[in-house]
Amino acid sequence: MSKINTNKVKPGELELKEKVVAINRVTKTTKGGRSFSFSALVVVGNENGVVGHGLGKAKEVQEAISKGIEDAKKNLIRVPIMKGTIPHDQYAKEGAAKVLIKPAAHGTGVIAGGSMRAVLESAGITDILAKSLGSANPHNVVKATFKALSMLREPVAVARTRNISLKKVFNG
């Protein structure tokens with residue numbers, strides 16, 4: 001198991017764009033009837049290597065989304081991006097959701113399913129091959145994608161650790 005990236009980012013001066021991945025209506029039955037509430041899964045990112053996800057719950061949709069955005073700003077991570085793609089293949093699992101992300105050649109685009117696509121585009125990745133295996137539950141797929149992105153290693157750091165040039169990391 002590779003070491004998880006601990007490079008958390010402060011949301012202070014970043015211009016973050018938010019995307020709502022999933023909205024879920026939850027019903028609670030009480031003796032007075034049914035009471036509805038909403039949960040919103042939101043992904044925020046600056047489309048330049050910083051991305052975060054959050055969950056908001058409230059009685060109204062708009063309030064749930066704004067709570068989700070606030071939560072997402074607390075969970076920001078930096079993703080290593082090289083020439084619009086990721087440095088290496090990565091597999092991650094969260095619950096029953098499994099994700100596989102692979103670097104792709106320039107011009108490929110983001111080939112990924114719904115909730116994975118939102119995370120990858122928010123991170124600023126333009127070319128990637130991604131496959132969601134197992135569960136399609138958006139919450140777990142987003143968490144698994146985050147886990148995979150946080151396990152990515154910076155190519156410069158790998159070259160420094162191995163005491164070899166950056167070219168050898170990719171050609172070796």
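**Helix packing and sheet layout in the predicted model**

On the H2 side, the contact is formed by Ser115, Met116, Val119 and Leu120, while H3 contributes Pro138, Val141, Val142, Thr145, Phe146 and Leu149.

H2 itself is mostly covered, with seven of its ten residues buried. The buried residues of H2 are Ser115, Met116, Ala118, Val119, Leu120, Ser122 and Ala123. Among them, Ser115, Met116, Val119 and Leu120 also take part in the contact with H3. Just after the end of H2, glycine 124 adopts a positive phi of about 95 degrees.

Attention now turns to the strands. Four of them make up an open sheet in the order E1-E2-E3-E4, and their pairing is antiparallel. Strand E1 (17–30) and strand E4 (77–78) are the edge strands, each pairing on one side only. Inside the sheet, strand E2 (residues 33–45) and strand E3 (residues 50–58) are joined in the antiparallel sense over eight bridges. For a reader who would like a landmark here, valine 42 stands opposite glycine 54 in E3. Helix H1 (residues 61–74) lies across E1, E2 and E3, and the direction of H1 is at about 140 degrees to that of E3.

The protein chain has five helices and eight strands, which follow one another along the sequence in the pattern β-β-β-α-β-β-β-β-α-β-α-α-α. Along its principal axes, the C-alpha trace spans about 70 × 35 × 30 Å. Of the 172 residues in the chain, 39% count as buried. Finally, among contacts with a separation of 6 or more, 59% come from residues 24 or more positions apart.

Methods:
Residues numbered from 1 in each chain as written. Predicted model: local features only at pLDDT ≥ 70, side-chain atom pairs only at ≥ 80, totals over all residues. Heavy atoms only, no water. Contact = heavy atoms within 4.5 Å. Helix = DSSP H or I, 4+ residues; strand = E, 2+ residues; numbered from the N terminus. Pairing = 2+ DSSP bridges. Axes fitted to C-alpha atoms, helices over the stretch in contact; angles between N-to-C directions. Buried < 20%, exposed > 50% of the residue type's maximum accessible area, 1.4 Å probe, protein only.
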